[in-house]
Amino acid sequence: MNRLLNFNRNGRFKIVQFSDTEYMDDAGKLNERTAKMMSDVILAEQPDLVVFAGDVIGSLGCKDPEVSFRNVVATTEELKVPWVAIFGNHDSEGGISRERLMDIQLSHAYCVAERTAEHVSGVGNYVLKLLDSSGERSAAALYFLDSGSYSPLPHIDGYDWIHRDQIDWYASQSMDLRDDNGGLPVPALAFLHIPLPEYQEVWNTAVCYGEKRDEVSSPRVNSGLFTAMVEMGDVMGTFAGHDHGNDYWGELHGIRLCYGRSSSYILWDTDIPIGARVIELQEGSRVFDSWLHLSDGTIIQEQPAHLPVESNHP
């Protein structure tokens, strides 16, 4: 398909983010319900792009992870909607590699992902340029980063982190876009599966909007991606998944740190409705709108405010 993405004639570009769909063989009817939710949201929102924000499958629970992955993205393919996927810690735990998943992703007709950046840690580091409504120049950018799986160092527990070469790659891409834009940063969003350590910081120190039912499962090593984004001045918002019970967002140093809404029935069924985060960019402006679209059709435009945690203590 035509891989060029651009703002529509009204100067808008809409993204639907599905987080942690986690298809597994023993999920049975739950996979079908997830597929229906995705179809309902896509048909209602009519997005320009769908982003699967990691843990697309629970590979340890899949007899054939390739078939499971193809089943997840079948909805977007059938509806002929451009889509991309980044990988989470559960995607390549059992029976399949990230490299193979990337090949499978790129084999689909409506996938608009790019080959992962060479000589950079991880699989699935790439940037998509959004052309303006006239199709003449880059008006925005979407960064996709592989946040890895688990810590590569035996003396550090927990999850992997964005590596130095990935940060250098991001900064280089950002600078190239700036040079092509007359020296001005190109408005951008960034997607990764595992939240940055700053997701806990923003919850502790700023007014946030939404729910926090899980601990922030960020890496114990802060490798500095957020600092690089602040310095480059292009990223307006970051979007993560991973922590199924969190859907909040808050602003830190001019960047909105956002969770998606869990799209998995595996952990959340009767407790909270699953759904998606919807993001809408405005051409020529460093702003974006975002809301939640739930499986029952509920649209949440304004999430409840939560005061900084630190303000609760004298």
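1. Strand S2 (residues 12-18) and strand S3 (residues 49-53) run parallel and are joined by 4 bridges, with Leu-49 of S3 as the bridge partner of Ile-15. Helices (H or I, at least four residues) and strands (E, at least two) are DSSP runs here, numbered from the N terminus, and two strands pair if DSSP finds at least two bridges between them. The model is a predicted one, in which local features need pLDDT of at least 70 and side-chain atom pairs count only at pLDDT 80 or more, whereas totals for chains, interfaces and linings use all residues. Residues are numbered from 1 along each chain as its sequence is written, and side-chain values use heavy atoms, with hydrogens and water left out.

2. S2 and S3 belong to an open sheet of 6 strands, in the order S4-S3-S2-S12-S13-S14, whose pairing is mixed. The edges are held by strand S4 (83-86) and strand S14 (299-300), each of which has a single partner strand, so one side of each is left without a neighbour in the sheet.

3. Helix H1 (residues 29-45) lies across S2, S3, strand S12 (275-282), strand S13 (288-294) and S14, and runs at about 170 degrees to S2. Axes are lines fitted to C-alpha atoms, for helices over the stretch in contact, and angles run from 0 to 180 degrees between N-to-C directions.

4. Two backbone positions deserve a look, given that most residues other than glycine have a negative phi. Asp-20, which is not a glycine, has a positive phi of about 60 degrees; Asp-20 is found in the loop between S2 and H1 and, at 2% relative accessibility, counts as buried. Lys-80 likewise has a positive phi, near 60 degrees, and lies in the loop between helix H2 (65-78) and S4, but at 56% relative accessibility Lys-80 counts as exposed. Buried means under 20% relative accessible area and exposed over 50%, with partly exposed in between (1.4 Å probe, protein chains only).

5. The axes of H2 and helix H3 (residues 98-106) come within 11 Å and cross at roughly 40 degrees, which makes H2 oblique to H3. Angles under 35 degrees count as roughly parallel, over 145 as roughly antiparallel, 65 to 115 as roughly perpendicular and the rest as oblique. Glu-66, Phe-69 and Arg-70 of H2 meet Arg-100, Leu-101, Ile-104 and Gln-105 of H3, where contact means heavy atoms within 4.5 Å. By class, this contact has 3 nonpolar, 1 polar and 3 charged residues, with Ala, Val, Leu, Ile, Met, Phe, Trp, Tyr, Cys and Pro counted as nonpolar, Asp, Glu, Lys and Arg as charged, and the others, Gly among them, as polar.

6. For helix H4 (residues 164-180) and helix H6 (residues 225-232), the axes come within 10 Å and cross at roughly 15 degrees, and H4 and H6 are therefore roughly parallel to each other. On the H4 side the contact is made by Ile-167, Tyr-170, Ala-171, Ser-174, Met-175 and Arg-178, and on the H6 side by Leu-225, Ala-228, Met-229, Glu-231 and Met-232. The contact of H4 with H6 has 8 nonpolar, 1 polar and 2 charged residues.

7. Strand S10 (residues 249-252) pairs in the antiparallel sense with strand S8 (residues 208-209) over 2 bridges, Gly-250 being the bridge partner of Cys-208. S10 also pairs in the antiparallel sense with strand S11 (residues 255-259), over 4 bridges, and there Ile-255 is the bridge partner of Leu-252. S10 and S11 form a hairpin with 2 residues between them, and His-253 in the turn has a positive phi of about 50 degrees.
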